[in-house]
Amino acid sequence: EPASAPAGEPAAKSSPVVPRADDQSWTNDMVWIPGGTFWMGSEKGQADERPVHQVSVDGFWMDKYEVTNEQFAKFAKATGYVTIAERKPDPRDFPGVPLENLVAGSIVFSPPPGDVPLDNHFIWWKYVPGANWRHPQGPDSSVNGLEKHPAVHISWLDAAEYCKWAGKRLPTEAEWEYASRGGLEKQEFMWGDELTPGGKWLANIWQGRFPNENTQADGFRITAPVGSYPPTGHGIYDLAGNVWEWCLDWYLPDYYGKSSSKNPQGPDTSYDPNEPGVMKRVQRGGSYLCTDLYCGAYRPSTRMKSSVDTGLSHSGFRCVKSGPPPSELVKQASVP
């Protein structure tokens, strides 16, 4: 994954939503995921997906869709929150760097003109001044017409603030993978063991020679409007592809060997052997840039990681909420 982006100055604080007991509007566009036990991880993936182990999670509510530009705009307007990518980097974090080089921006996918080796991801990523969730491809772009697309250039810190404002939270890694499997056990993909059953693309991912040729066989060059593909067995959309989704957990490559079997919350520290000294949180689900020729990260077990202040043109999120199941909500609503 690309290098981490700067943190910058503190942003405005958001205020959490505290709904009335009889206000169940927070369930709009959320799906109840019944608790259960599943096999987490994969023997076919990377080393950090092993060992495959049984995990039990309690029931929870999950956003049906990734958080969209339209939703994030409401949050930003209501709170005045400024995302990491919109803030000028703090000179104290970059000693020796000329002040004129410290400009707000984010990391944007910038495909090379021809074939390149796939062992250096810096070739197709570029730090673009002025890029942020409002201007996803750079200062001359906008989200006009992309209201239903997932918000991107969202760091973990940004996502956490949105969740707090919405009265929700980010999912744990275990919750995310459990929901993504939709009741299927040990399947390669979220819909089964075949990438394109019946010749149909079931996720917004990359087709063609990565990173310079995108045939757009699935109909999309970058992000797709949320809900453009069939849902999982639980009724959740776009858990595979489209944008990477932040999880609550810190990242450790060997965490599965010592994690709890009941509602694991992740480790209390982080370590990435590829970038020692940088604390990272987990991301899941892959993005529109994922291809079977390179990473294949749209599998339910694939783990990615990034520092909490990093946003990219393919990183977004969705929220979850602990709470009573629908049957209990009906009872609560009927109490005078």
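The second largest cavity of this predicted model holds about 30 Å³ of space. A cavity here is a set of points, on a 1 Å grid over the protein atoms alone, where a 1.4 Å probe fits but cannot get out. Its volume is the space filled by probe spheres set on the points, which are joined across faces, edges and corners. The structure holds two cavities of 30 Å³ or more. Around the second largest cavity stand M40, H53, E173, A174, D249, Y255, S259 and P264, lining residues being those with an atom within 4 Å of a point. Four of the lining residues are nonpolar, two are polar and two are charged. In this count Ala, Val, Leu, Ile, Met, Phe, Trp, Tyr, Cys and Pro are nonpolar, Asp, Glu, Lys and Arg are charged, and the others, Gly among them, are polar.

Residues are numbered from 1 along each chain as its sequence is written, and side-chain values use heavy atoms, with hydrogens and water left out. Local features need pLDDT of at least 70 and side-chain atom pairs count only at pLDDT 80 or more, while totals for chains, interfaces and linings use all residues.

The nonpolar cores come next. In soluble globular proteins, nonpolar side chains tend to be buried together. A nonpolar core is a set of buried Ala, Val, Leu, Ile, Met, Phe, Trp, Tyr and Cys residues joined through side-chain atoms within 4.5 Å; buried means under 20% relative accessible area, exposed over 50%, and partly exposed in between, with a 1.4 Å probe and protein chains only. The largest core has 32 residues, and I33, F60, M62 and Y298 have the most contacts inside it. At least two residues each come from β1 (30–33), β2 (36–40), β3 (53–57), β4 (60–63), α3 (173–181) and β7. Helices (H or I, at least four residues) and strands (E, at least two) are DSSP runs, numbered from the N terminus. The largest share of this core, four residues, is supplied by α3. Another core lies apart from it, with 19 residues that include F72, A151, A166 and W246.

A166 also belongs to helix α2 (residues 156–166), where W156, D158, A159, E161, Y162 and C163 are buried as well. The cover over these buried residues includes α1 (69–79), β7 (244–250) and β8 (280–284), contact meaning heavy atoms within 4.5 Å. After α2 comes G167, with a positive phi near 75°.

Both of those strands, β7 and β8, belong to an open sheet of four strands with mixed pairing, in the order β9-β8-β7-β10. At its edges, β9 (303–307) and β10 (315–316) each pair on one side only. Two strands pair if DSSP finds at least two bridges between them; β7 and β10 have two, in the parallel sense. W244 has S315 of β10 as its bridge partner.

The loops hold some backbone exceptions. Most residues other than glycine have a negative phi, and most peptide bonds are trans. A cis bond with omega of about 0° joins R50 and P51, and P51 lies in the loop between β2 and β3. Another cis bond runs from F210 to P211, with omega near 5°. K186 is exposed, at 53% relative accessible area. N263, in the loop between β7 and β8, has a positive phi near 45° and is partly exposed, at 23% relative accessibility.

Conventions. 1 Å grid on protein atoms, 1.4 Å probe; cavity = no way out; pocket = protein on both sides within 12 Å on 5 of 7 lines; lining within 4 Å.
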